[in-house]
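This report examines one protein model, moving from a single residue to the whole chain. Please keep the sequence and the structure in view while reading.

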Amino acid sequence: MAGCAAPQDPAQTTPQSGSPDYMGIRTELLDGDLVRFKVAMRGTSDPRAVTKYAECAAAQYTLIRGFGFARHVRTQVSEEAGIWRADAVYTISAALPQGSRTIDAEVTVADCGAQHIPTV
């Protein structure tokens with residue numbers, strides 16, 4: 001999930017300036033396998049950092065629930081007074097779901113740990 005010289009996928013980028021302050025994760029089971037994650041952070045000027053934070057939360061939650069995969073449904077990002085917020089929805093499943101925006105929860109959690117991004 002990481003690249004060296006090639007441009008990085010926006011969802012894979014962590015903030016480069018200063019030290020990010022991860023302000024918490026809220027989860028909400030919407031319906032069976034559909035889960036909402038609300039996260040907030042400050043200390044970045046890159047909105048991709050908060051989407052990555054939400055992805056890390058989704059990956060860890062997927063493992064906690066005993067599943068191995070998640071599929072991104074949507075993420076809404078906002079910023080006010082230097083605080084970035086993401087409201088993200090994912091489906092979780094035991095088998096690799098169809099679609100191009102899927103994540104392997106184990107691989108993603110390991111990547112988040114390597115980047116010092118907290119999870120659930």
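## Arg71 in strand S3

Arg71 is located in strand S3; helices (H or I, at least four residues) and strands (E, at least two) are DSSP runs, numbered from the N terminus. The model is a predicted one, in which local features need pLDDT of at least 70 and side-chain atom pairs count only at pLDDT 80 or more, while totals for chains, interfaces and linings use all residues. Residues are numbered from 1 along each chain as its sequence is written, and side-chain values use heavy atoms, with hydrogens and water left out.

Arg71 counts as partly exposed, because its relative accessibility is 29%; buried means under 20% relative accessible area, exposed over 50%, and partly exposed in between (1.4 Å probe, protein chains only). Leaving aside neighbours within four places in sequence, Arg71 is in contact with Val89, Tyr90, Thr91, Pro97, Gln98, Arg101 and Thr102, where contact means heavy atoms within 4.5 Å. The C-alpha atoms of Arg71 and Ala58 are separated by 9.3 Å, and these residues are 13 apart along the chain.

## Val77 in strand S3

Val77 also has its place in strand S3. Is Val77 buried or partly exposed? Val77 is partly exposed, because its relative accessible area is 37%.

Beyond the neighbours within four places in sequence, the contacts of Val77 are Pro47, Val50, Thr51, Trp84, Arg85 and Ala86. Ten residues along the chain separate Val77 from Asp87, and their C-alpha atoms are 6.5 Å apart.

## The sheet

The protein chain has two helices and five strands, which follow the pattern β-β-α-β-β-β-α along the sequence. The strands form an open sheet in the order S1-S2-S4-S3-S5, with antiparallel pairing; two strands pair if DSSP finds at least two bridges between them. At the edges are strand S1 (21–31) and strand S5 (102–104), each of which pairs on one side only. From one strand to the next, the twist averages 30 degrees.

Helix H1 lies across S1, S2, strand S3 (69–80), S4 and S5, and runs at about 135 degrees to S2. Such angles run from 0 to 180 degrees between N-to-C directions, with axes as lines fitted to C-alpha atoms, for helices over the stretch in contact. Helix H2 lies across S3 and S5, at about 75 degrees to S5.

## The nonpolar core

The largest nonpolar core has 25 residues, and those with the most contacts inside it are Phe37, Val39, Met41, Val50, Tyr53, Tyr90 and Ile117. Such a core is a set of buried Ala, Val, Leu, Ile, Met, Phe, Trp, Tyr and Cys residues joined through side-chain atoms within 4.5 Å. Two or more residues of this core come from each of strand S2 (34–42), helix H1 (47–64), strand S4 (83–93) and helix H2 (105–114). H1 gives the largest share, nine residues.

Val39 illustrates these surroundings. Apart from neighbours within four places in sequence, Val39 is in contact with Gly24, Ile25, Val50, Tyr53, Ala54, Ala57, Trp84, Arg85 and Ala86.

## The chain as a whole

Of the 120 residues of the protein chain, 39% count as buried. Among contacts between residues at least 6 apart in sequence, 67% join residues at least 24 apart.
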